[in-house]
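Please read the numbered points below with the sequence and the model open beside you.

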Amino acid sequence: MGSGRPLTGARRVVLCGLMASTLTVLKMAMSPLPNIEPVSLLVMVYAIVFGRQVFYIILPFVVVEGLLYGFNPMWWIGYLYVWPLWGAVCLRMGGRPALTLAVASGAFGLSFGALMAPPYLIAGGPWAALSWWLAGIPADLLHCGGNFVLALTLAKPLQRLLSALRDRIL
């Protein structure tokens with residue numbers, strides 16, 4: 001659950017900025033693959049390694065996504081609560097086996113569409129939210145599979161690498 005020693009001052013700004021930009025760049029690099037993205041994995045690893053500092057990484061990522069793709073309220077409002085929610089869930093995952101991390105990440109990918117549905121509920125009512133969510137299930141299945149494979153193969157190595165780097169700089 002993080003190092004126990006929070007980042008402070010300039011180090012926090014620089015490291016959180018670098019990690020947030022890594023989320024954005026890797027998401028863009030993998031964008032040709034439908035709903036296969038490294039953001040879920042990296043938010044998980046960042047939460048495990050850096051604890052509550054993950055929220056200082058998620059917020060700039062969400063703002064930059066809005067700047068890059070437009071502040072469409074239907075998805076951007078969802079990003080404002082879905083990614084911090086995932087970060088909060090991941091704060092409890094330190095010390096878990098790789099398979100548990102992969103299952104959690106896959107479940108997050110599968111539930112992503114449902115988690116993003118509330119803005120549609122508010123804007124268009126229950127049928128709009130339900131139809132939007134149901135239409136997105138194929139994408140959520142790809143998201144689930146991609147998250148599962150990425151977390152199963154990379155979560156533990158990335159966790160060890162970032163923990164070692166964190167310990168060297170703190």
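1. In this predicted model, a nonpolar patch on the surface is formed by Met28, Leu59, Val63, Val64, Leu67, Leu68, Tyr69, Phe71, Ile77 and Leu80, which together have about 890 Å² of accessible area.

2. Valine 63, one of the patch residues, lies in helix α3.

3. The largest pocket holds about 460 Å³ of space and is lined by 23 residues, of which Lys27, Asn35, Tyr79, Phe112 and His143 lie nearest its centre. The lining divides into 14 nonpolar, five polar and four charged residues, and at least two residues of it are supplied by each of α3, α4, α5 (98–115), α7 (126–135) and α8 (137–169).

4. Side chains of opposite charge can pair when their charged atoms come close. Lysine 27 forms a salt bridge with glutamate 65, with the closest N and O atoms 2.6 Å apart. Since lysine 27 lies in helix α1 (residues 9–29) and glutamate 65 in helix α3, the pair ties together parts that are 38 residues apart in sequence. Both lysine 27 and glutamate 65 are buried.

5. The count comes to two salt bridges, and one of them joins the side chains of aspartate 167 and arginine 166 at 3.0 Å, N to O. Aspartate 167 is partly exposed at 45% relative accessibility, whereas arginine 166, at 10%, counts as buried.

Methods. Residues are numbered from 1 along each chain as its sequence is written. This is a predicted model: local features need pLDDT of at least 70, side-chain atom pairs count only at pLDDT 80 or more; totals for chains, interfaces and linings use all residues. Side-chain values use heavy atoms; hydrogens and water are left out. Patches are made of residues with over 30% relative accessible area and no salt bridge: like charges are joined within 9 Å, nonpolar side chains (Val, Leu, Ile, Met, Phe, Trp, Tyr) within 5 Å. Accessible areas come from the Shrake-Rupley method with a 1.4 Å probe; for residues, only the protein chains shown count as cover. A salt bridge is a side-chain nitrogen of Lys or Arg within 4 Å of a carboxyl oxygen of Asp or Glu. Helices (H or I, at least four residues) and strands (E, at least two) are DSSP runs, numbered from the N terminus. On a 1 Å grid over the protein atoms alone, a cavity is a set of points where a 1.4 Å probe fits but cannot get out, and a pocket is an open set with protein on both sides within 12 Å along at least five of seven lines; lining residues have an atom within 4 Å of a point. Grid points are joined across faces, edges and corners, and a volume is the space filled by probe spheres set on the points. Ala, Val, Leu, Ile, Met, Phe, Trp, Tyr, Cys and Pro count as nonpolar, Asp, Glu, Lys and Arg as charged, and the others, Gly among them, as polar. Buried means under 20% relative accessible area, exposed over 50%, partly exposed in between (1.4 Å probe, protein chains only).
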